[in-house]
Amino acid sequence: MKKNSSNDYLDIGHTVSDMSSSPVKYEMHIHDSYELYYFLQGDVTYYIEGQGYKIEAKDLLIINNNELHKPIFNSNIAYERIIIHFTPWYFSRFNTNKFNLLNCFEERELGQHNKIPKDSVLKYKLDKDYIKIIDYVNSNTKEANIMIETLFIQLLVKVNKIFQHHENIQTQSTDYDEKVLKIINFINNNLDKKISLNLLEKNFYLNKYYLSHLFKENTGFSVQQYINYKKIMKAKELLSQDLSCSDVCNKLSFGDYSNFYKAFKKNVGFSPQKYKQDNII
C-alpha cells in the first residue's frame with residue numbers, strides 16, 4: 001500500500017510493505033532533496049554514512065542530501081514508514097535571522113545526530129503532526145496543499161527545537177567501527193584524488209581485503225560504491241556551478257572522460273551535459 005502527495009518542492013509518501021509475501025530491498029541511495037523519515041513498524045537497521053541505527057516505532061531520522069543511506073531488513077515483519085522529501089531552497093525562504101528551518105540538516109557531521117527517538121517525537125507531538133499531514137494527503141479538499149505545507153513548516157520548527165536542545169538525539173549509531181568512520185571522512189575530504197584500496201591501505205595501515213570486508217560489514221556498501229556515489233554527488237554540485245564537464249572530470253580525478261560519463265549516467269540516469277544544462281544555478 002502506498003499513498004503519495006507530490007509537487008515540485010515537497011513529496012510525501014506513506015508506504016506499508018508486506019515483507020513476508022513481497023519482500024522489499026533498497027540499494028544504497030541519495031537524493032537531491034532533504035528527507036524526514038518517520039518509522040512506524042518493522043524490523044530495520046538504517047545505515048547512514050556508515051552508521052547503523054537500530055530504529056523503533058515512532059523514531060524519526062533526519063537525512064540531508066549528502067548522506068548515503070539504506071535500510072537493512074532484519075526479519076519479515078511488515079514495514080511501514082512515512083517519508084517526506086523536500087527541496088531545501090524552497091523552505092529556506094521561511095528562515096529568519098533567529099531561526100533556521102534547515103539547521104538540523106546542515107549543522108551536523110555526516111552520519112551523526114540522525115536519529116530523534118520516540119520519546120522526543122511524542123513529547124513534541126510530532127506523531128500528531130504526521131497524522132494531520134497524512135489526513136490532508138488522503139483528502140480532496142481545496143485547502144489540502146496549503147495545509148500540508150503549513151503543517152510541514154511547523155513540523156520542521158519542532159524538529160529543529162529538539163535538535164537545538166540536543167534532547168535525547170542519538171549522537172552515534174548502535175554498531176559501527178571507529179576505523180570505518182575515519183575511512184569515510186578521508187574519502188569525503190579527498191574526492192579530488194584518485195582513491196584506491198591501495199591508497200586506503202597505506203593511509204590506515206589495514207590490509208585492503210580486511211578493510212573492504214570491514215567497510216561493507218559496517219556500512220552495507222562496498223568501498224568502491226561509496227567512492228563512486230560521493231564523486232558523482234560532488235560532480236553534480238560542480239556542474240550546477242557551471243564548470244565544464246571535462247573540468248569536473250579532471251577536478252575529481254576520474255581519469256578518462258568515458259569513465260566519468262559512464263559512472264555519471266549509471267548513477268544519475270542521464271549524461272553530465274544534460275544535467276549541467278538543466279541545473280545551472
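In which helix is the place of asparagine 145? Asparagine 145 belongs to helix 5, which comprises residues 144–165; helices (H or I, at least four residues) and strands (E, at least two) are DSSP runs numbered from the N terminus. The structure is a predicted model, in which local features need pLDDT of at least 70 and side-chain atom pairs count only at pLDDT 80 or more, while totals for chains, interfaces and linings use all residues. Residues are numbered from 1 along each chain as its sequence is written, and side-chain values use heavy atoms, with hydrogens and water left out.

Asparagine 145 has a relative accessibility of 56% and therefore counts as exposed; the classes are buried for under 20% relative accessible area, exposed for over 50%, and partly exposed in between, with a 1.4 Å probe and protein chains only. A distance of 33 Å separates the C-alpha atom of asparagine 145 from that of lysine 234, the two residues being 89 apart along the chain.

Helix 6 (residues 178–189) contains 12 residues and extends 17 Å from its first C-alpha to its last, close to the 16 Å expected at 1.5 Å a residue; the expected span is 1.5 Å times one less than the number of residues. Val180, Leu181, Ile183, Ile184, Phe186 and Ile187 are buried in this helix. The buried residues of helix 6 pack against strand 5 (51–55), helix 7 (197–204), helix 8 (208–219) and helix 9, contact being defined as heavy atoms within 4.5 Å.

The axes of helix 7 and helix 8 come within 9 Å and cross at roughly 95°, so helix 7 is roughly perpendicular to helix 8. Axes are lines fitted to C-alpha atoms, for helices over the stretch in contact, and angles run from 0 to 180 degrees between N-to-C directions. Angles under 35 degrees count as roughly parallel, over 145 as roughly antiparallel, 65 to 115 as roughly perpendicular and the rest as oblique. On the helix 7 side, Leu197, Asn198, Leu200 and Glu201 meet Lys208, Leu211 and Ser212 of helix 8.

Two buried residues with polar side chain contacts were also examined. Serine 240 lies in helix 9 (residues 223–240) and, at 10% relative accessibility, counts as buried. A polar atom of the serine 240 side chain lies 2.9 Å from the backbone oxygen of lysine 236. Threonine 15, in strand 2 (residues 10–17), is likewise buried, at 9% relative accessibility. The side chain of threonine 15 makes a polar contact of 2.9 Å with the side chain of arginine 81. A polar contact is a pair of N or O atoms within 3.5 Å; within protein, one must be able to donate a hydrogen and the other to accept it, and residues adjacent in sequence count only if both atoms are side-chain atoms.

Positive phi values occur in two loops. Lysine 125, in the loop between helix 3 (118–123) and helix 4 (126–137), has phi near 60° and is partly exposed at 48% relative accessibility. Aspartate 242, in the loop between helix 9 and helix 10 (245–251), has a positive phi of about 75° and is partly exposed at 46%.

With a disulfide defined as a pair of cysteine sulfur atoms within 2.5 Å, the count comes to zero. Cysteine 245 is in no disulfide, the nearest cysteine sulfur, that of cysteine 249, being 9.3 Å away. Cysteine 245 counts as buried at 7% relative accessibility, and cysteine 104 is buried with a relative accessible area of 0%.
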